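Student: I would like to learn how to read a sheet and a chain contact from a model. Could we go through one?

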Amino acid sequence: MATVAVTAEREHYLNKEYGIRSWLLTTDHKRIALLYLASITFFFFIGGFFALLIRLELLTPAGDLVQADTYNKLFSMHGQVMIFFFLIPSIPAVLGNFLVPLMIGAKDLAFPRINLLSWYLYMIAGVIYIHCIVYGGVDTGWTFYTPFSTAFSNTRVIEAGIAIFIAGFSSILTGLNFVVTIHRMRAPGMTWSRLPLFIWAHYATSIIQLLGTPVLAVTLLLVVFERAFNLGIFDPTRGGDPLLFQHLFWFYSHPAVYIMILPAMAVESEVVACFTRKRIFGYNFVAMSSIAIAVFGFLVWAHHMFVAGISLYSALIFSILSYLVAVPSAIKVFNWTATMYKGSISFTTPMLYAFGFIGLFTMGGLTGLFLACLGIDVHVHDTYFVIAHFHYIMVGGAVMGYLGGLHFWWPKISGRMYPEGWGRLAALLVFAGFNLTFFPQFILGYMGMPRRYWQYPPEFQVLNVLSTAGSTILAVGYVLPMVYFLWSMRYGKIANDNPWGAAGLEWKTSSPPPTFNFDEAPEVTWEAYNYEEIPAPAEVPVER
Amino acid sequence: MFDNFPLWPVRASTGAGNVDALYIFLLALSAFMCLAIFAMILIFATRYRRRRGVEAEQIEGSTALEITWSIIPMAIFMAIFVWGAVIYFHERTPPRDASEVYVVAKQWMWKLQHQEGPREINELHVPVGRDVKLIMTSQDVIHSFYVPAFRIKQDVLPGRYTTAWFRATRPGVYHLFCSQYCGTMHSGMIGQVVVMEPPQYEAWLSGGGTTGSLAASGESLFQQLGCPTCHRSDTQGRGPNLVGIFGKPVQLEDGRTVIADENYIRESILSPSAKIVSGFKPIMPVFQGLVGEEQLNALVAYIKSLSPSPVGGQAGVSLAPKPQYPKE
């Protein structure tokens, strides 16, 4: 196992078959993960391009770079692309797809064909959405608030709605596949208490995908029906209720935040354990906090509606429930920090992302306390404070987790090492660029700058300029990994089976793994994170 | 504190100080938590960096620690919740004797009318030291009435009234933003709130050359639409007597009881059969589409004026307890 593999001849999932058919008709979860990787990267750069245009427009108070309608489409499509076509599938569909069967010692997911189907659904949705962008776009915000979306917007709402509706089924099928796989396909000896925390968090994520996404699907379908057939569901002039839409929308879209952040927490646990060379502090609490987040996450949706016109007493209840869901998130942060105590810590690229994740997620989480607080939310709701808060969670948290995970498992995925120096540089650029982009927005928000403003009063300019400056650094930080990952596929150092000396079944098979993952069916006789039994290899730097 | 700090919004209402105090508390708490966690990570990362010959020490976890760092944050969270809830309750409970301004939002402007009669567009003049209650509705999509200097915000919905209130404390001109995305010129749907000393305000009010109070125009509209035929000021009418009805519970035909607030009156004009008063027949014609938002506001203001002013301390009329906050 520990010998240097003779990779040139050895058959693995990448060289078993060649040709476009072998990819488009594959049922191998690892190949499907790579299909997802390519497609979501494409959408990430589209969404990122929209974001850069937004930041450039906001460089000056006047609306001068693009028209007002164009700007409204840019932020709407930035949100929809990033959430539905990048963040929701990001870690689960790429890293989860690749790793869930490997980590539990299975040959594949429970339903390999459904797995491929979910990628095709995603692609159909993507093609429809691209068509929507090219032929005029959509300007409803990612939130589709009624009656604007159903009766007033003159853009391609129906098309965007249908695209997201279909993308939702892709997400549901992935969740279904994970739940069944984790229940039914674990290797002998892989008990629930021996599961990596990555699996626990993905299990929790899958539950949310299964239970939440259908509600979004129904809601979007109702928007499409109201718009297309003049049904009166949300539009008050036709007897509907616009607040009903908001309730339904947030019933999915708040838990969706946890679909995005739980998998990043999953990565965090694996990376921190590996580069402190320790079992995660409080394994049971970290595992159960994922489940708690998934459950409580469904009970807090109306904290997006404190100024929307809901009753005073329901606002009180949703505020207090929102604080309940903050506790399990805090528990995780404390446990990762405690894991470092008396560890043997090395500062590899994945670990730098992990440090960044803890810092940014902590700030995102703490500012969530402001927004859950009724008295503060009234002032900062729908301002840049909210924008900053959720970017700290979704970009500072989820994207940092995704990039960290991609670096961590890149040797397993590609069989090659990425260049460590460039990796560290990119991680630092992302961290610095991110903070410069989004920290000023907290201040802007409390000063009162509303979100979704194409032009703004001049007193907000200085902070907007800082934010735009940061976004260019962030862009460089995001382009770098794409360049050196591609480079490393050909020129990178050949990776051995376990370059980090990590625990976990995925590191016990070769890099890249064979098509059916393990040459011999594994049997698990050890607990998760048994780092005392695994020597740290030369790849992991020793600090002076 | 922070009165002339460049990155801090001005405070110009009685509620703004309460919000700022809680915000500063939360900032301090967050800064402390961030620093504590970052310091720990930094210390651990330097002290326990990987060195040759030094192995990590395996530690299983500690239930006592887990319980500690669950209970203590929970307790702090509950304190924040209560503090925030008190402020919110205060913000959501307009004083009963507040003077009223009717707000109609539409793409992309604010139309406002004072109960004394003057109308304004994208501007609201108010005196220092008076409670002002906003009764708001939208003609099209959802908007949101946001005055950062007052720390108030309330979505404005089509088809119903929402309310907000404030008491300005400092003369000046402050931003009025629409903060709920409402289409093309969302960012152009901004105006200003002009806070004046009471004498200047009185001068402004009398200089407008208005057509009489909002309730008065509501009364002439009430006559014009023929409402008094049925809604007579005695018990003989085919419709309920509207005198003194505002703010009181109304017994409905289906056994429910509702409070006759602005939204109830609005609904009873637009779609009368939605809630029939006990003892009456559903014979009133539907006014949906026949009266505009501003006419509706005038009618509501008139019907409210038929009820004795609550300032005199009418027992049993109270909609909500008067806030216990000290007034400056």
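**Reading a sheet and a chain contact**

Tutor: Start with one pair of residues in this predicted model: Phe145(B) has Gln154(B), in S7(B), as its bridge partner.

Student: How many bridges join strand S6 of chain B to S7(B)?

Tutor: In general, strands of a sheet pair through backbone hydrogen bonds, either parallel or antiparallel. Here S6(B), residues 143-147, is joined to S7(B) by 5 bridges, and the two run antiparallel.

Student: In what order do the strands of the sheet in chain B stand?

Tutor: The order is S4-S10-S9-S6-S7, 5 strands in an open sheet with mixed pairing. On average, neighbouring strands of this sheet are turned by 20° against each other, direction ignored.

Student: Which strands of chain B stand at the edges?

Tutor: Strand S4 (123-127) and strand S7 (152-156) of chain B do; each has a single partner strand, so one side of each is left without a neighbour in the sheet.

Student: Which strands does helix H3 of chain B lie across?

Tutor: H3(B), residues 198-206, lies across S4(B) and S10(B), the latter being residues 191-196. H3(B) runs at about 130° to S4(B).

Student: Now the two chains. How many residues of chain A are in contact with chain B?

Tutor: The size of an interface is often given as the accessible area lost when the parts come together. Here we have residue counts: 75 residues of chain A are in contact with 71 of chain B. H10(A) gives the most to the side of chain A that touches chain B, with 14 residues. By class, that side has 47 nonpolar, 19 polar and 9 charged residues.

Technical notes: Residues numbered from 1 in each chain as written. Chains lettered and ligands numbered in written order. Predicted model: local features only at pLDDT ≥ 70, side-chain atom pairs only at ≥ 80, totals over all residues. Contact = placed C-beta atoms within 7 Å. Helix = DSSP H or I, 4+ residues; strand = E, 2+ residues; numbered from the N terminus. Nonpolar A, V, L, I, M, F, W, Y, C, P; charged D, E, K, R; others polar. Pairing = 2+ DSSP bridges. Axes fitted to C-alpha atoms, helices over the stretch in contact; angles between N-to-C directions.
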